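Let's take a walk through this protein together, one piece at a time. Have the sequence and the 3D view ready as you read.

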Amino acid sequence: MKTFKLLTVAISLLLFISSCKSGGNLDEGTAEDVISAHLKANPEYESTKINIGEIKFRSKNDKLELQKYKALEEKGLVDMELQNQKKKFLSKDSVYFYLITLTDKAKPYILKHDAHNATVRALNYVLDEEKPITLIKGDSKIARVTVSLKKELTDFSIFLRTKTLAATSLLKLIS
């Protein structure tokens with residue numbers, strides 16, 4: 001999936017740069033400007049689904065999931081309202097029912113939204129400033145450009161399913 005996105009970006013940038021004419025010469029500065037404009041118009045990202053609406057949490061089993069939602073609530077991205085709390089007879093486990101809604105602060109991250117689920121941006125791919133753009137000129141009208149994109153975590157990255165990113169996001173959540 002990641003390589004497909006990077007390949008798509010590289011091909012579209014190649015076509016975009018090859019169709020541009022800047023006085024007949026294409027240099028790395030012009031290529032960087034074109035790529036930055038393309039990424040601004042068509043950003044690359046990874047998304048994840050989160051549950052919203054009325055959600056049931058068990059104090060033992062869903063403790064980590066509840067912490068994720070509470071971290072988002074502290075940042076002002078979701079509102080959590082406790083609807084009901086039940087304690088099982090002769091058990092240490094309690095069940096909490098929360099009504100979770102997304103706030104206006106979360107609107108830039110929302111891709112799709114319905115009554116029970118929301119698809120949100122979890123990662124943004126941005127141009128890596130540390131690694132230079134490589135430009136290989138072919139003909140006078142064709143050039144091949146290679147760029148490096150780096151991952152920029154959003155607040156919703158704690159819900160990603162990837163183990164390494166989830167661990168990184170969880171460490172960010174704890175600290």
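Start with β7 and β8, which make a hairpin with 5 residues between them. The names come from DSSP runs numbered from the N terminus: helices are H or I runs of at least four residues, and strands are E runs of at least two. β7 covers residues 134-137 and β8 covers residues 143-146; they run antiparallel, joined by 4 bridges. Two strands count as paired if DSSP finds at least two bridges between them.

A word on the model: it is predicted, so local features need pLDDT of at least 70 and side-chain atom pairs count only at pLDDT 80 or more, while totals for chains, interfaces and linings use all residues. Residues are numbered from 1 along each chain as its sequence is written, and side-chain values use heavy atoms, leaving out hydrogens and water.

Now look inside. A nonpolar core is a set of buried Ala, Val, Leu, Ile, Met, Phe, Trp, Tyr and Cys residues joined through side-chain atoms within 4.5 Å; buried means under 20% relative accessible area, exposed over 50%, and partly exposed in between (1.4 Å probe, protein chains only). The largest core has 20 residues, and I50, Y69, I100, L102 and F156 touch the most other members. Elements that each supply at least two of its residues include α3 and β4, and β4 gives the largest share, 4 residues. A second, separate core of 11 residues includes Y125 and V145.

Finally, find α3, where L66, K68, Y69, A71 and L72 are buried. After α3 comes G76, with a positive phi near 85°.
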